[in-house]
Amino acid sequence: MHDPPHVIVVGAGLAGLATAYYLQRDGARVTIVDRADGPGLETSFANGALLHASLVEPWNSPGVFWQILRWMGQEHAPMLLRPGAVPGLLSWGPTFILNSTRRRFDANTRKNLRLAIYSLALMQRLREETPISYEHQSRGVLAVFRTAELQTRALLRCEELGRHGLSFRPLQRDALIDLEPALGPIGGHLVGGIHYGADEGGDAHQFCVELARVLKEGGAELRFGTAVDAIHHSKGRIRYLVCGGEEMAADAYVLAAGSYTPLLARQVGLSLPVRPAKGYSITMPRSRAPATAPRIGVSDAQLHAVVVPVGDDRVRVAGTAELAGYDLSIHPLRLENLKGLLRRMFPAFAAQLQENDFAPWAGLRPMSADGVPILGATRISNLYLNTGHGHLGWTLAAGSGRLVADAIARRAPALNNRDYELGRPL
């Protein structure tokens with residue numbers, strides 16, 4: 001009788017843990033290594049707290065090149081390019097722009113939508129299969145609009161994506177405020193909205209903690225505070241990893257280290273079209289003004305932000321993308337931007353907050369050049385990838401993990417894996 005395959009997963013964030021979960025269900029012996037002191041402590045820690053099939057468009061929408069140029073130097077910009085990051089984008093940037101044509105953008109949006117719908121179905125199954133608890137809420141997401149033009153444009157997009165499985169419900173202003181009364185103070189500035197009832201929310205960090213516990217109870221080895229110092233390979237295979245002077249060998253390896261995956265892959269001669277995009281969030285206690293706090297995640301197309309309840313005790317504002325290389329510093333003006341967005345969306349709640357109520361955070365989201373994650377096999381026969389999700393890390397985590405596990409098991413996947421593989425045309 002053969003021993004179960006041993007797989008080392010590098011990364012204990014959403015992508016790595018989801019991959020490990022499906023590998024363990026397949027019977028593999030799993031080891032997870034992460035340089036942090038626990039699960040979900042980097043980009044998965046304080047993200048937008050949503051799983052949303054409704055917001056799957058890549059960031060390189062048509063016209064993005066001219067938008068980025070106009071926004072340079074503007075700290076309030078939804079996507080800000082720091083000049084110091086330009087050298088690191090010279091090989092990646094042209095492909096990012098090339099994929100902003102309407103035809104490519106729409107095709108890539110549909111790829112993300114298919115994976116998001118699949119992933120949300122797997123998340124429901126995961127909750128049924130495990131005793132996992134992570135402040136899950138299934139009230140959906142509201143998109144609000146301040147102009148009729150924005151709403152009309154969004155509804156046309158919904159009708160197109162609805163043919164591919166997106167669920168949505170248009171709302172007039174009164175119905176919108178009935179669903180989320182906390183929008184009442186700005187009701188006069190809104191023309192209507194769209195309710196995406198299949199979207200979900202929760203605490204992504206808590207999800208990681210809980211899933212890590214499930215994996216450990218199932219026999220997985222979790223090695224925290226363990227950085228990968230080197231990857232040794234020969235004859236088209238990984239032979240072992242070096243972690244803190246220790247050699248760690250396995251039958252297969254998965255790189256799921258977010259924005260740091262390209263740096264690791266470079267050691268074995270792979271060039272990944274993934275670059276870090278810094279995202280910000282601020283988290284506040286709900287208890288300051290619970291009656292005026294949102295109970296449903298709300299996105300504002302004009303303000304390029306989401307305001308989301310996290311459990312019963314917190315509210316989070318997340319938004320913006322900043323191309324700044326691997327710089328994790330938090331710029332005060334970017335935080336002021338998020339506070340201003342909160343004041344414009346939920347002024348009554350914001351008015352009750354004190355300065356020390358805001359917990360700031362920034363994380364590096366791995367953004368692929370075409371806005372679609374990179375999943376599955378590589379030309380290194382026992383090396384697999386799970387990266388490039390951009391702002392869709394939690395939304396696509398379960399589906400991505402399952403597709404990577406399928407690739408390792410050489411099992412036919414539920415989706416066309418060629419849409420997500422490293423060698424796809426860009």
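Modeller: Start with a definition. Ala, Val, Leu, Ile, Met, Phe, Trp, Tyr, Cys and Pro count as nonpolar, Asp, Glu, Lys and Arg as charged, and the others, Gly among them, as polar. Keep in mind that this is a predicted model.

Biologist: How do the residues lining the second largest pocket divide into nonpolar, polar and charged?

Modeller: The lining has 13 nonpolar residues, one polar residue and no charged ones.

Biologist: What volume does the second largest pocket have?

Modeller: About 260 Å³. There are 14 lining residues, and those closest to the pocket centre are Phe65, Leu81, Leu89, Gly93 and Ile97.

Biologist: Which elements give two or more residues to that lining?

Modeller: Two helices do: α2 (64–71) and α3 (93–98). The largest share comes from α3, with four residues.

Biologist: Now the strands. Is β14 mostly covered or mostly open?

Modeller: Use the cut-off first. Buried means under 20% relative accessible area. In β14, residues 274–285, eleven of the twelve residues are buried. The strand is mostly covered.

Biologist: Which strand pairs with β14 over ten bridges?

Modeller: That is β18, residues 359–368, and the pairing is antiparallel.

Biologist: Let us turn to the backbone. What is the phi of Glu135?

Modeller: Its phi is positive, about 60°, although Glu135 is not a glycine. Glu135 sits in the loop that links α4 (102–129) to β5 (141–145).

Biologist: Is Glu135 buried, partly exposed or exposed?

Modeller: Exposed needs over 50%, buried needs under 20%, and partly exposed lies in between. Glu135 has a relative accessible area of 36%, so it is partly exposed.

Biologist: Which loop holds Lys235?

Modeller: The loop between β10 (230–234) and β11 (237–243). Lys235 is not a glycine either, yet its phi is positive, about 50°.

Biologist: Why does Lys235 count as exposed?

Modeller: Because its relative accessibility is 81%, and the cut-off for exposed is over 50%.

Conventions:
Residues numbered from 1 in each chain as written. Predicted model: local features only at pLDDT ≥ 70, side-chain atom pairs only at ≥ 80, totals over all residues. Heavy atoms only, no water. Buried < 20%, exposed > 50% of the residue type's maximum accessible area, 1.4 Å probe, protein only. 1 Å grid on protein atoms, 1.4 Å probe; cavity = no way out; pocket = protein on both sides within 12 Å on 5 of 7 lines; lining within 4 Å. Points joined across faces, edges and corners; volume = space filled by probe spheres on them. Pairing = 2+ DSSP bridges.
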